[in-house]
Amino acid sequence: MLGRVYCAIFRLGQGGTRSLLGVFEEDATAISNYMNQLYQAMHRIYDAQNELSAATHLTSKLLKEYEKQRFPLGGDDEVMSSTLQQFSKVIDELSSCHAVLSTQLADAMMFPITQFKERDLKEILTLKEVFQIASNDHDAAINRYSRLSKKRENDKVKYEVTEDVYTSRKKQHQTMMHYFCALNTLQYKKKIALLEPLLGYMQAQISFFKMGSENLNEQLEEFLANIGTSVQNVRREMDSDIETMQQTIEDLEVASDPLYVPDPDPTKFPVNRNLTRKAGYLNARNKTGLVSSTWDRQFYFTQGGNLMSQARGDVAGGLAMDIDNCSVMAVDCEDRRYCFQITSFDGKKSSILQAESKKDHEEWICTINNISKQIYLSENPEETAARVNQSALEAVTPSPSFQQRHESLRPAAGQSRPPTARTSSSGSLGSESTNLAALSLDSLVAPDTPIQFDIISPVCEDQPGQAKAFGQGGRRTNPFGESGGIIKSETEDSILHQLFIVRFLGSMEVKSDDHPDVVYETMRQILAARAIHNIFRMTESHLLVTCDCLKLIDPQTQVTRLTFPLPCVVLYATHQENKRLFGFVLRTSSGRSESNLSSVCYIFESNNEGEKVHGFDRRASEKQKEIERVKEKQQKELNKQKQIEKDLEEQSRLIAASSRPNQASSEGQFVVLSSSQSEESDLGEGGKKRESEA
């Protein structure tokens, strides 16, 4: 039984080992307390002849109370309890006998229990102190290693810190194994320390009461002989178990040597990307001020769709974060290596953690990503994760069946391609079978098209091609997020607006923008490229949808990163299975020529379903068109009113000009008209001539 418990200690994780170690230490404390009482009782027998009867009675009493003791590991000691009960009866009968047994008791009773108390129990305390010191040294070495700078690497410092981690970890492991071995051996020594003094005591009593054999019958001698045989059997079992544990320790020391290095060789320990459960120590970042923060090392483990954390000394772990439908990405934080950030589904809670090695860093990200997809709910989570990851790897290049299907659907030579209008899709690929026949794989995305995985600049100017394509005047976005005095605010005409939390996955140029398959193919290539090249970093932004444009806003500085005019967005589609993935195609003019248009497909992941973003985008576009129609109608009414006023003013001038004399007087004088009156008169005469000619 004890050997199985010892092996279970090595199979458990760090958190379970600490908890089980606490149980063994509690049992050792209980044994120590009990053995001290038993030692004091036997010492009273040895010291005082006058108190021999009382001491013997106390010993008998303590033996009777053994079954009432609550030893954490003593649940299967029924034979021991019954044996001690039998001893207590005999000792109680002998409590009134002679007490001059000092020599025999010193050799047969006091020596074994004293040796157990002074040697075995003190060894446990010493090993406990050494294990605690080794654990503290290991924690200090790990903290120094975690603070290694990634930007200013010093090979000498890195070698010293790594060697310190190796030495401290090896010392802790060796001390831990010897300490565990001593704790397991204590269970055997406890039995021996209980049985041997009692056996010696009884043999001394038999020797002393040779003449009183009527009290020591053959039945009692047979009982004592059986106890002696049991003690020898326990000793042989203990020796055999100690030999097995020593061999196990040697094998573990040889096998665990590569694990002492904090960042093991990835070729010897490959990354497992199909995990749906993981546990280990991580450094958690806690903000203590506006710019200051601390890092706490805790034990983390996954439990279903939850990330749990357990501090040292805690009996059980607590909920750290719900990681269902969360997002995880690698980040750079405070010049520390192997950091990653977890953001909850609603975007309200995030946590930055630091792994110990590159292998742990990638495995944690892959595991949380698999849990976020709720793969753990399937019957065989690891097989499902492997199948999903394999599908992503195979999606890097088109499969023959996919290309053959498109080749078979190519239109015949000379067949004219039907005109296509602006297309928007909400996810159903099979419903566009007639349009799919007009597409080929090469017509969607050009081969070897570069993929942009991040937004180049946190603040970008409006794209000139977008403004030129639709007659908009180009203007520069204020880098401080403010508008100039002479420029009309962009939000004055934006009656509808809504904010969505999105993460930018990538963008690439496409050859077509008239079918949802363009967006689907772009999604496939971007996600496959991220899986192949282990790109987990995603730029989180706020997508502001208004009546006239889409804006990507930096969530921290509130600065506009990119602006997409709604007239330029010619295609929108949502992933058929993962509704949080969506993309749109932006048509802009490339170069100085307005006729040379290019299309770029942008792919995002939203905390909401992509249909909600698309629905609001569609309503905003319709509202913008309605506003433009109202403005056009108002402008026509205004132009009509101005024309009427101009005609009335012209008629008034003609009437005034015709009522004045414009001929010579009788004295030969002439009436001089003003230039305006002359022009009006000429216009009046011309009008009359035209009327007469008509």
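This is a predicted model: local features need pLDDT of at least 70, side-chain atom pairs count only at pLDDT 80 or more; totals for chains, interfaces and linings use all residues.
Within helix α8, the buried residues are His361, Glu362, Glu363, Trp364, Ile365, Cys366, Thr367, Ile368, Asn370, Ile371 and Ser372. That makes 11 of the 15 residues of α8 buried, and the helix is mostly covered.

The length of α8 can be checked by simple reasoning. The helix runs over residues 358-372, and at 1.5 Å a residue its 15 residues should span 21 Å; the C-alpha atoms at its ends are 21 Å apart, so the two values agree. In general, an α-helix has 3.6 residues a turn, so residues three or four places apart point the same way. After α8 comes Gln374, which has a positive phi, near 60 degrees.

**The chain as a whole**

The protein chain contains 16 helices and 15 strands. Of its 694 residues, 40% are buried.

**Aromatic rings**

Across the whole structure there are 15 aromatic pairs. One of them joins Tyr281 and Phe299; the ring centres are 5.4 Å apart and the planes meet at 70 degrees, so this pair is edge-to-face. Tyr281 belongs to strand β1 (residues 279-287) and Phe299 to strand β2 (residues 293-303), so the pair ties together parts 18 residues apart in sequence. Phe299 has a relative accessibility of 10%, and because buried means under 20%, this residue counts as buried.

Another pair is formed by Phe504 and Tyr602, and this one is tilted, with 6.5 Å from centre to centre and 50 degrees between the planes. Phe504 lies in strand β9 (residues 497-510) and Tyr602 in strand β15 (residues 597-606), so that the pair links distant parts of the chain, 98 residues apart. Phe504 and Tyr602 are both buried. They also belong to a cluster in which ring pairs link Phe504, Phe564, Tyr572, Phe582, Phe584, Tyr602 and Phe604.

**Charges over rings**

Which rings have a charged end sitting over them? Two cases are listed below.

| Charged residue | Ring | Distance from ring centre |
|---|---|---|
| Lys117 | Tyr39 | 5.3 Å |
| Arg297 | Tyr281 | 4.4 Å |

Conventions: Residues are numbered from 1 along each chain as its sequence is written. Side-chain values use heavy atoms; hydrogens and water are left out. Helices (H or I, at least four residues) and strands (E, at least two) are DSSP runs, numbered from the N terminus. The expected span of a helix is 1.5 Å times one less than its number of residues. Buried means under 20% relative accessible area, exposed over 50%, partly exposed in between (1.4 Å probe, protein chains only). Rings of Phe, Tyr and Trp (its six-membered ring) pair if their centres lie within 6.5 Å; planes under 30 degrees apart count as stacked, over 60 as edge-to-face and the rest as tilted. A charge sits over a ring if NZ of Lys or CZ of Arg is within 6 Å of the ring centre and within 35 degrees of the ring normal.
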